[in-house]
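Dear colleague,

Please find the structure below.

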Amino acid sequence: VATAQAFVEVTTGIDYSCGLTASGAAYCWGSSSDGQLGDGTTANKNVPTLVSNPSGGAVTWSKIAAGWYHTCAITTTNAAYCWGRNGMGNLGDGTTADRNFPTLVSDPSGGAVTWSQITAGASYTCGITTNNVAYCWGRNNSPSGVGNLGDGTTANKNVPTLVSNP
């Protein structure tokens with residue numbers, strides 16, 4: 001009899017799911033058509049599969065969020081990483097290239113931003129810093145033509161962009 005993995009958090013995207021264990025390991029399973037499982041492949045997995053460590057070494061995860069076809073997570077050192085589909089810049093790494101492994105989100109202030117929360121939408125992502133400042137990135141022109149990112153524009157952004165004051 002297999003021992004069940006002890007998850008403390010789960011999240012679901014389109015045709016896939018991810019979870020965090022109490023020890024801070026991230027696992028994903030289901031469809032990986034765009035690398036959203038983060039294991040370095042685009043192969044579908046029908047059991048939880050360990051998310052690859054980002055380049056630069058091992059990390060411990062504290063938060064995870066699944067979008068439609070991309071996933072983002074925060075480490076215990078408050079760094080943000082995303083992986084999967086990136087056609088609208090929703091991974092926040094300054095590109096629109098898909099990634100099948102965790103990729104560091106660009107720092108909008110040149111090295112001073114640390115993240116406390118992250119959420120992933122259809123083709124965009126938003127996060128809150130440890131200083132309670134909100135940033136969003138990715139698709140900014142939903143089908144109704146409104147700005148998803150809250151920056152007063154409808155232009156897509158492939159790096160974290162400050163949400164305007166209300």
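This is a predicted model: local features need pLDDT of at least 70, side-chain atom pairs count only at pLDDT 80 or more; totals for chains, interfaces and linings use all residues.

Residues are numbered from 1 along each chain as its sequence is written, and side-chain values use heavy atoms, with hydrogens and water left out.

**Disulfides**

A search of the whole structure finds 3 disulfides, a disulfide being a pair of cysteine sulfur atoms within 2.5 Å. With bonded cysteines counted along the chain, the pattern is 1-2, 3-4, 5-6.

Cys18 is joined to Cys28, S to S 2.0 Å. The torsion about this S-S bond is about 105°, so the disulfide is right-handed. Cys18 lies in strand β2 (residues 16–21) and Cys28 in strand β3 (residues 26–30), 10 residues apart. Strands here are DSSP runs (E, at least two residues), numbered from the N terminus. Cys18 is buried at 0% relative accessible area, and Cys28 is buried at 0%; buried means under 20% relative accessible area, with a 1.4 Å probe and protein chains only.

The sulfur atoms of Cys72 and Cys82 are 2.1 Å apart, and their link is right-handed, with 110° about the S-S bond. Cys72 belongs to strand β6 (residues 70–75) and Cys82 to strand β7, so the pair ties together parts 10 residues apart in sequence.

Cys126 and Cys136 form a disulfide with sulfur atoms 2.0 Å apart. Cys126 is buried at 18% relative accessible area, and Cys136 is buried at 5%.

**The sheet**

An open sheet of 4 strands runs in the order β5-β6-β7-β8, with antiparallel pairing; two strands pair if DSSP finds at least two bridges between them. β5 (61–66) and β8 (99–104) stand at the edges with a single partner strand each, so one side of each lacks a neighbour in the sheet. Strand β7 (residues 80–84) pairs with β8 over 3 bridges, and Gly84 stands opposite Arg99 in β8.

**Asp93**

Asp93 is found in the loop between β7 and β8 and counts as buried, at 14% relative accessibility. Its side chain makes polar contacts (N or O atoms within 3.5 Å, one able to donate a hydrogen and the other to accept it; residues adjacent in sequence count only if both atoms are side-chain atoms) with the side chains of Asn86 at 3.3 Å and Thr95 at 2.9 Å.

Technical notes:
Buried means under 20% relative accessible area, exposed over 50%, partly exposed in between (1.4 Å probe, protein chains only).
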